Every structure is written in structure tokens, then in C-alpha cells.
Amino acid sequence: MGDKQSEVVLFGTWASSYCKRVELALKLKGIPYEYVEENLSNKSELLLLHNPVYKKVPVLVHKGKAIAESLVILEYIDEQWNNAPKLLPDDPYQKAKLRFWVDFYDKKIVLATLPIITSKGKEQEKAIDDMNELIRVLEDGIKKDFPGKFPFSNGQPLGLLDIIVAVNSCNYEAFHEAVAVVMSPEKTPPHFLAWANALKQHPLMKESLTPHDKLVAKMREIYFQSPQVRPSQNNI
Ligand SMILES: N[C@@H](CCC(=O)N[C@@H](CS)C(=O)NCC(=O)O)C(=O)O
């Protein structure tokens with residue numbers, strides 16, 4: 001359980017990319033924290049107390065005060081510990097643009113995974129094409145709004161958008177093995193693919209990514225629980 005003495009406590013669950021976002025931001029800023037692993041099928045009283053509205057992880061507790069929702073938490077971390085590396089740019093317009101693409105990634109691209117894991121065959125192929133089309137929109141948008149910044153490469157400090165993209169896209173090989181090939185040189189816009197690969201090589205990602213086999217097992221569990229995918233009695 002969360003030790004009341006710790007100044008920063010993160011309530012999370014290991015397989016959640018939303019929680020990984022917060023973990024990465026804390027590590028990137030060098031903030032010491034205590035981690036509390038939640039069992040989502042039996043949530044702790046502390047989690048329900050700290051996030052009574054959504055009852056979800058991640059929750060960050062700083063000096064006894066709770067903050068919920070990963071993107072809110074990331075902005076809080078950047079403002080509260082405003083040492084380098086900065087997760088958001090200082091310039092208001094650049095900041096607004098960055099927030100726009102983070103929001104697009106969160107609302108469109110993350111959610112586009114759902115039709116892929118709840119389908120198979122032709123329907124799944126269509127869902128994969130739709131996902132790559134959204135990635136193309138993101139890639140074009142970033143090129144336009146942040147000229148010369150693409151590809152965000154190895155060696156550069158990670159920013160908010162890198163974190164958001166990294167926690168999902170760096171795992172693409174596990175997703176391929178467990179569910180289906182979504183990102184490939186044939187279908188995926190090249191700069192985005194190069195970005196995902198560069199992020200995967202970042203030392204922090206290497207240290208923080210869930211081991212491939214553990215993730216494949218979890219993704220398979222989720223995929224085969226999906227009613228559209230699970231073989232029905234009639235199909236056997
Ligand atoms: N919008 C939230 C999403 C968080 C979320 O969906 N958390 C999941 C784990 S990945 C959760 O706690 N689910 C428990 C539940 O829905 O009861 C965020 O960005 O933090």
C-alpha cells in the first residue's frame with residue numbers, strides 16, 4: 001500500500017499505457033516516487049478515495065493531494081517540477097499545437113486500436129487501414145506544425161508527444177505477435193515508423209518497457225476475450 005511518508009505516489013497497473021505515460025514522465029524528470037500496483041478487479045479503497053469520479057488508474061498523489069487522468073497528471077508534473085527536460089514548449093502557440101496533437105493521438109489513434117482487437121478477417125484489415133490513415137494525418141500535421149522537427153530522433157530529450165506515442169507504438173511488435181500486424185513499411189507513414197523505432201532505442205524506454213513476452217501474453221488474453229474474436233460454440 002502507499003506509504004504515507006512518500007512525497008510522490010503513483011497508483012497504476014503494469015499493463016496500462018496510461019500509467020506508463022506517468023511513469024516515464026517521473027523518470028524523465030528524475031522525480032523519486034513510490035509505485036502502488038492496483039488490481040483493477042478489486043480496486044483499493046485508496047484508489048477509490050483518490051479518484052472517486054472515474055475510479056481509474058493512473059492516479060498521482062503529491063504531498064497527499066491526488067491528481068487523476070494521465071494527461072492532466074503529465075501537465076501537473078511539468079509545471080510542478082519545471083526543470084529540464086520540459087515536456088511542453090513555453091511558447092503558448094507551440095504549446096497549443098502540441099496539445100492539439102496529443103489530444104488527437106489520445107482520442108483518435110489510441111481508440112482506433114479497439115476495432116482492431118474486436119474483429120478479424122476483412123473487418124480487421126479495414127480497421128488496420130483506418131489506423132494507418134489516422135497516423136498519416138498525425139504525421140502530416142506534425143510536419144506542418146513543427147517544421148524540421150521530424151523525425152523526433154534518438155538523443156533528443158523526450159517531450160509530451162514522444163511519451164504519448166512511445167507507450168503505445170514502441171510495443172508494436174508485441175501487438176503484431178498477439179493480434180495482427182498494424183505497423184509496417186508498406187502501410188505506415190515512414191516518418192512515424194522511424195519515430196517509433198527511434199523511441200524504442202531511447203535508454204528510458206529500454207528500461208521502462210514491459211518485457212515483450214509478458215506483454216504478448218496480456219494482449220492475447222485481452223484479444224481472445226473479445227466476443228467477436230473468441231470462437232463461439234457454433235464455430236467449433
Ligand atoms: N483517460 C484516462 C484513462 C485511464 C484508464 O482507462 N485506465 C484504465 C486502465 S488502462 C482503468 O483504470 N480501468 C479501470 C476501470 O475502467 O474500471 C487517463 O488518461 O488516465
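Tutor: Asp 90 is exposed, with a relative accessibility of 62%; buried here means under 20% relative accessible area, exposed over 50%, and partly exposed in between, with a 1.4 Å probe and protein chains only. The model is a predicted one, in which local features need pLDDT of at least 70 and side-chain atom pairs count only at pLDDT 80 or more, whereas totals for chains, interfaces and linings use all residues. Residues are numbered from 1 along each chain as its sequence is written, and side-chain values use heavy atoms, with hydrogens and water left out.

The loop that holds Asp 90 runs between α3 and α4; helices (H or I, at least four residues) and strands (E, at least two) are DSSP runs numbered from the N terminus. Pro 85 is placed in the loop between α3 and α4 as well. The peptide bond from Ala 84 to Pro 85 is cis, with omega near -5°. From Asp 90 to Tyr 76 there are 14 residues in sequence and 14 Å in space, C-alpha to C-alpha.

An α-helix has 3.6 residues a turn, so residues three or four places apart point the same way.

Pro 58 sits in the loop between α2 (45-50) and β3, and the peptide bond from Val 57 to Pro 58 is cis, with omega near 5°. Lys 55 is also found in the loop between α2 and β3; its phi is near 60°, positive in a residue other than glycine, and Lys 55 is partly exposed at 38% relative accessible area. Lys 63, in the loop between β3 and β4, is not a glycine either and has a positive phi of about 50°. Lys 63 is exposed, at 57% relative accessibility.

Phe 100, Trp 101 and Phe 104 form one aromatic cluster. The structure holds five aromatic pairs; rings of Phe, Tyr and Trp (its six-membered ring) pair if their centres lie within 6.5 Å, and planes under 30 degrees apart count as stacked, over 60 as edge-to-face and the rest as tilted. The pair of Phe 100 and Trp 101 is edge-to-face because the ring planes stand at 90°, with the centres 4.8 Å apart. Phe 100 is partly exposed, with a relative accessible area of 46%, whereas Trp 101 is buried at 7%.

The domain division places domain 1 at 8-80 and domain 2 at 92-225, with bounds from an automatic or database domain assignment. Their C-alpha centres lie 22 Å apart, and 14 residues of domain 1 are in contact with 19 residues of domain 2. Between them the domains bury about 1600 Å², 69% of it on carbon and sulfur atoms; buried area is the accessible area (1.4 Å probe) that two parts lose on being put together, summed over both. In domain 1, Trp 14, Arg 21 and Leu 24 lose the most area to domain 2, together 37% of what that side buries.

Trp 14 also has a charge over its ring: Lys 214 lies over the face, at 4.2 Å from the ring centre. The criterion is that NZ of Lys or CZ of Arg is within 6 Å of the ring centre and within 35 degrees of the ring normal. Helix α11, residues 212-225, includes Tyr 223, which is buried at 7% relative accessible area.

How values were computed: Contact means heavy atoms within 4.5 Å.
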